[in-house]
Amino acid sequence: MKTLNHSAVYVEATRSDIHDLVRTLVDAIGAPQVQVISGTTDRTAPHRWAHPEGTELDAVTEQRLRLGYRVWLTLQSMEDPQAAVAWLQTANPLLDDDRPLDFIAKMHAQQVVNAAESLVTHSAKR
C-alpha cells in the first residue's frame, strides 16, 4: 500500500496535463463516472477530453476533473481499486449521505478530500 501524501497528491492533481488526467480517470473509474464528476450531460465528452488533441475544457469543468483526480489519487493508496471505485459511487454519511461523485461535481473540495483521506487512513489501520 502506498503512503498517503496530501501535498504530493495536491501538486500532482493541479499540475498534470488535463488530457492525461482525464484519460487516467476514464481508465480507472469509467467514462460515466467522469461525466458525473465533470457535470456535463454529454456522454462522449470524457473520451474527447482524454485525447491530447481533444476538446478544450472550460475552467469550471477542468476544476471539477482536477478535484476528481485528486480524490482518485488519494484513494489509490487503498489495496482494492474496486473498493475505491465503489466508494465514489455510494452514499456516504460523512458527505450528508450524498455520493462522493456528486460532492466532486459540486466542488465541495474540503469535505470530499477529507472523507477520502479518512477512508484511506481507516483502511490502512486494518
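Colleague: What kind of crossing does α3 make as it passes α5?
Modeller: A right-handed one. A crossing is right-handed if the near helix is turned clockwise from the far one by less than a right angle, and left-handed if anticlockwise. Before we go on: this is a predicted model, where local features need pLDDT of at least 70, side-chain atom pairs count only at pLDDT 80 or more, and totals for chains, interfaces and linings use all residues. Residues are numbered from 1 along each chain as its sequence is written, and side-chain values use heavy atoms, with hydrogens and water left out.

Colleague: What makes α3 and α5 helices?
Modeller: Helices are DSSP runs (H or I, at least four residues), numbered from the N terminus. Helix α3 covers residues 31–38 and helix α5 residues 59–75.

Colleague: Why is α3 called oblique to α5?
Modeller: They pack at an angle of about 125°, with axes 8 Å apart. Under 35 degrees is roughly parallel, over 145 roughly antiparallel, 65 to 115 roughly perpendicular, and the rest oblique. So α3 is oblique to α5. The axes are lines fitted to C-alpha atoms over the stretch in contact, and angles run from 0 to 180 degrees between N-to-C directions.

Colleague: Which residues make the contact?
Modeller: Contact means heavy atoms within 4.5 Å. From α3 it's Val 34, Ile 37 and Ser 38; from α5 it's Thr 61, Arg 64, Leu 65 and Gly 68. They split into three nonpolar, three polar and one charged.

Colleague: How do you know that Asp 20 and Arg 23 form a salt bridge?
Modeller: The rule asks for a side-chain nitrogen of Lys or Arg within 4 Å of a carboxyl oxygen of Asp or Glu. Here N to O is 2.2 Å, and the pair qualifies. The two sit three residues apart in helix α2 (residues 18–29), about one helical turn. Searching the whole structure turns up five salt bridges.

Colleague: Why is Asp 20 called partly exposed?
Modeller: Buried means under 20% relative accessible area, exposed over 50%, and partly exposed in between (1.4 Å probe, protein chains only). Asp 20 has 37%, so it counts as partly exposed. Arg 23, at 29%, is partly exposed too.

Colleague: What makes Asp 42 and Arg 48 a salt bridge?
Modeller: Their closest N and O atoms are 3.0 Å apart. Asp 42 is partly exposed at 28%, and Arg 48 is partly exposed at 33%.

Technical notes:
Ala, Val, Leu, Ile, Met, Phe, Trp, Tyr, Cys and Pro count as nonpolar, Asp, Glu, Lys and Arg as charged, and the others, Gly among them, as polar.
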